[in-house]
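Hi everyone, thanks for coming.

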Amino acid sequence: MFTRRPTLAARLRTAFCLGLALLTTACAHGSLPSQASGRVLEQGRASWYGADFQGRRTASGERFDMHAFTAAHKTLPFGTRVLVRNPRNGKQVVVRINDRGPFSHSRIIDLSRAAARHLGLEGSGHGHVVLHEAQ
């Protein structure tokens, strides 16, 4: 009996899909583990902001996008990339500082809605995080 061998295009398509699935899985579980090797900058409570600020100008002058991985910090320079880790579930994300805040003394960072969702903080509105230097 004759068995058909997959064509080169079919094998390439399969390899591409497997690679994409692996990459998607890695991204869904937070940033790559090697990024957490940066030194700890700060730890404390984080909150998030979203739809009420969508499209408004941030302190850096750009328009706020709640779907981007950005954050507000009191002192870090604009453009600084920070790895934010949620120690409760191990999820982490790299955000870019583009705004000033939070204006609550008990919080160290305000995350965009997308970053908060990625870290598992969207439902509660806040949570404990650790800030690392992003590498």
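Let's begin with Arg113, which counts as partly exposed at 27% relative accessibility. One thing to keep in mind as you look: this is a predicted model.

Which residue forms a salt bridge with Arg113? Find Glu122: the closest N and O atoms of this pair are 2.6 Å apart. Glu122 also forms a salt bridge with Arg117, and there the closest N and O atoms are 2.9 Å apart. Arg117 is partly exposed as well, with a relative accessible area of 47%.

How many salt bridges does the structure hold? The count is 4. Let me show you one between Glu133 and Arg39, whose side chains meet at 3.1 Å, N to O. Glu133 sits in strand 6, while Arg39 belongs to the loop between helix 1 and strand 1, so this pair ties together parts that are 94 residues apart in sequence. Glu133 is partly exposed, with a relative accessible area of 31%, and Arg39 counts as exposed at 52%.

Now let's go inside. Nonpolar side chains tend to be buried together in soluble globular proteins. Here, the largest nonpolar core has 17 residues, and the members that touch the most others are Val84, Val95, Ile109, Leu111 and Val129.

Leaving aside residues up to four places away in sequence, Val84 touches several residues, including Val95, Ile109, Leu111, Leu119 and Val129. Val84 also has a bridge partner in strand 4, namely Val93.

Strand 3 pairs with strand 4 in the antiparallel sense, over 5 bridges. Their hairpin has 6 residues between the strands, and in it Gly90 takes a positive phi near 80 degrees. Strand 3 also pairs with strand 6, again in the antiparallel sense, over 4 bridges. For an example of that pairing, look at Arg85, whose bridge partner in strand 6 is Val130.

That's my tour, and I'm happy to take questions!

Methods:
Residues are numbered from 1 along each chain as its sequence is written. This is a predicted model: local features need pLDDT of at least 70, side-chain atom pairs count only at pLDDT 80 or more; totals for chains, interfaces and linings use all residues. Side-chain values use heavy atoms; hydrogens and water are left out. A nonpolar core is a set of buried Ala, Val, Leu, Ile, Met, Phe, Trp, Tyr and Cys residues joined through side-chain atoms within 4.5 Å. Buried means under 20% relative accessible area, exposed over 50%, partly exposed in between (1.4 Å probe, protein chains only). Contact means heavy atoms within 4.5 Å. Two strands pair if DSSP finds at least two bridges between them. Helices (H or I, at least four residues) and strands (E, at least two) are DSSP runs, numbered from the N terminus.
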